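Here is a short report on one protein. Look over the sequence and the fold before reading on.

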Amino acid sequence: MSETLDGYVIDVGCIRKNSRDELLEKARTHTRECALMGHCIESGYGIVTEDDRLTVLDSEATPEVVDEVEASDTESGILLRVQRERNDEAMETTDVREVT
């Protein structure tokens, strides 16, 4: 099984700091600067889709997310397309690209 998700990137630290009903709006305005802070990178990342679905990404996705965010010219609300495949019981990220 594979899936492709388009959503706004937000670090797990910020996911934990915000209430669930505010998460989509927080992800839409989440800044590139925050996403690249050391403790935010260490916390890992999730994406929030326009239909308010939160998906926390596997730790292997972190370097790919960081590369895309660093390369982005978008200051806030970075939209990523994440491709994932089922490997045993877990979903593993296979590709991360910014949607422009």
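The text below covers the overall build, then one residue.

**Overall build**

This is a predicted model. The protein has five helices and five strands. Read from the N terminus, the elements run β-α-α-α-α-β-β-α-β-β. The radius of gyration is 12 Å, close to the 13 Å that the globule rule gives for 100 residues, so the protein is as compact as a globular protein of that length. Along the principal axes, the C-alpha atoms fill a box of roughly 35 × 30 × 25 Å.

Of the 100 residues, 43% count as buried. Take the contacts with a separation of 6 or more: residues 24 or more positions apart account for 63% of them. The protein exposes about 5,700 Å², and carbon and sulfur atoms supply 44% of that area.

**A look at D6**

D6 sits in strand β1, which spans residues 2-11.

Beyond its neighbours within four places in sequence, D6 is in contact with T49, L79, L80, R81 and V99. Two of these partners come with a distance:

| Pair | What is given | Distance |
|---|---|---|
| D6 and R81 | polar contact between side chains | 2.8 Å |
| D6 and V99 | separation of C-alpha atoms | 7.8 Å |

D6 and V99 are 93 residues apart along the chain, yet they are in contact.

Note on methods. Residues are numbered from 1 along each chain as its sequence is written. This is a predicted model: local features need pLDDT of at least 70, side-chain atom pairs count only at pLDDT 80 or more; totals for chains, interfaces and linings use all residues. Side-chain values use heavy atoms; hydrogens and water are left out. Helices (H or I, at least four residues) and strands (E, at least two) are DSSP runs, numbered from the N terminus. The radius of gyration is taken over C-alpha atoms; the globule rule is 2.2 Å times the number of residues to the power 0.38. Buried means under 20% relative accessible area, exposed over 50%, partly exposed in between (1.4 Å probe, protein chains only). Contact means heavy atoms within 4.5 Å. Accessible areas come from the Shrake-Rupley method with a 1.4 Å probe; for residues, only the protein chains shown count as cover. A polar contact is a pair of N or O atoms within 3.5 Å; within protein, one must be able to donate a hydrogen and the other to accept it, and residues adjacent in sequence count only if both atoms are side-chain atoms.
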